[in-house]
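Here is a friendly walk through one model, asking at each step what lies behind the label.

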Amino acid sequence: MTVAKLVYTADIHINAGRWGRLDPGTNRNDAHNSAYRCWMAVCQYVADTKPDAFMVGGDLFANARPSPESQEMVADGLKLVPCSVPVIIVPGNHEYLGLPARHRHVLRHYAELPNVTVFDEPALHTLTNGVQLGSVPWPRRPHLVSELDLGTQNPDEIDDMVAALTVEAIGGLAERVDPSRPAILFGHATIGDAVVGSAKRGSEMSIRAVFHEPVLPIEAVDEEPWSASLWGHIHKAQTMGQRSRYVGSPDRIDFSEEGEEKGFAVVDIAADGTVTVETVPTPARRFRTVRIGDGLDMGPEADYDADLPVEEGEIVRVVLAPGVEVDETALRSAARSHGVYLTGMSRQPLQRELKAGQVAVSEGTSMTDGLDLWIIKEGLDQVTANQVRVEARRYIAQLGIIAPDKAGATTEKKAA
Ligand SMILES: [Mn+2]
């Protein structure tokens, strides 16, 4: 039996605008309109189902100075939410992008709405039904460390200090939690060793290697008393540890998200304390890469009008194999007749030749597939090979990239 239901979303970036064109009907970028459609879908779900709370984990905007129209687009969604549903919002890093020190961010406007609370500091918010929400805004560097002497610290050390202060604050919230009642942690942060997408398939990178930001260790957010821990900031939906996850952005921002499912999270808390997190899909726009001439998607001599492997409404890029020429005019005309937005064409770089002893690993190869190739190359015996596989899986699970087999209190379910 359900005792409480919560809805969580983050990373709307309603005015990001990348890979969009002007829509004459609204005089807005159609990327803005797509983000708006997804945001309105989440808010409409909240309006229809009236959960016990609606949590918004930051990055509603692309920067600290969204246009009045963009601010109204976010307000449109919040105004759909009935006043009986509390809305808890924390800012993400993008709400601070370009914001002068000590100025207030744009989300403060929405705190004027009677059911909306905006937390700028880590806070514990208890709903009328007793469910406790630990709310963690983006660990903001200048704000958190303003009291400290930073004269001799390098930026990485400052990030570590900010992360340590945030971990301490989350610990403080945990101490105040009533363990007899459910508690959910949410916010906007970089966690442990989350994986981020790259526009090149199969070349995802660990967050540490990509950004210089405060990184919260997974242990700090993945423990009792929290039954579930839901985060924004990384747009690629993924589970981490035993009960933590990035819910992912509700819309697709670029080609790195071509194959990703997009949605928002619905958290169901049962009478026995079991927490289930379900992903509800959003009407995210679709990106597609069409490879011509390398035997994958289409041959250069194909009838583009008939064979272009796209669906109406998609944002399409074409990648040509080395040496392949295409009739660009015919391709553009085919894109128009299929109702897709052809963003451009590029040429695949020449492949490196393999040197002796190197292993060919194709794009999209998983870590364990790559390991199997290495095992074959090294000619390991069965027993050793199996030991290597077991140790590697344990290590990968420790990194938090792949959830270990047992998923603890949080179970995963995907909506149809
Ligand atoms: Mn962010």
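The questions below set values against definitions.

Q: What makes this a model to read with its confidence in mind, and how are residues numbered?
A: This is a predicted model, in which local features need pLDDT of at least 70, side-chain atom pairs count only at pLDDT 80 or more, and totals for chains, interfaces and linings use all residues. Residues are numbered from 1 along each chain as its sequence is written.

Q: What is the mean pLDDT of the protein chain?
A: The mean is 85, and 82% of the residues reach 70 or more, where pLDDT is the predictor's confidence in each residue, from 0 to 100. Over residues 401-416 the pLDDT is below 50, although this stretch has 30 contacts in the model beyond near neighbours in sequence; a contact needs C-beta atoms, placed from the backbone, within 7 Å.

Q: How do you know that the span of helix H4 agrees with its number of residues?
A: Helices (H or I, at least four residues) and strands (E, at least two) are DSSP runs, numbered from the N terminus. The expected span is 1.5 Å times one less than the number of residues. For the 22 residues of H4 (155-176) that gives 32 Å, and the end C-alpha atoms are 32 Å apart, so the two agree.

Q: Which residues of H4 are called buried?
A: Asp159, Val162, Ala163, Thr166, Ile170 and Leu173 are buried: each has 20 or more other C-beta atoms within 10 Å of its own, whereas exposed means 12 or fewer and partly exposed is in between, with C-beta atoms placed from the backbone. They cover an arc of only 100 degrees around the axis, so they sit on the same side of H4; the arc is that of the directions from the helix axis to the C-beta atoms. On the face turned away from the buried side, Glu157, Glu168, Gly171, Gly172 and Glu175 are exposed.

Q: Why are E7 and E15 called edge strands?
A: Two strands pair if DSSP finds at least two bridges between them. In the open sheet E7-E8-E9-E14-E16-E15, with mixed pairing, strands E7 (123-126) and E15 (238-240) each have a single partner strand, so one side of each lacks a neighbour in the sheet.

Q: What makes E15 and E16 a pair?
A: They are joined by 3 bridges in the antiparallel sense, against the required at least two, so they count as paired. In E16, Arg245 is the bridge partner of Thr239.

Note on methods:
Two residues are in contact if their C-beta atoms, placed from the backbone, lie within 7 Å.
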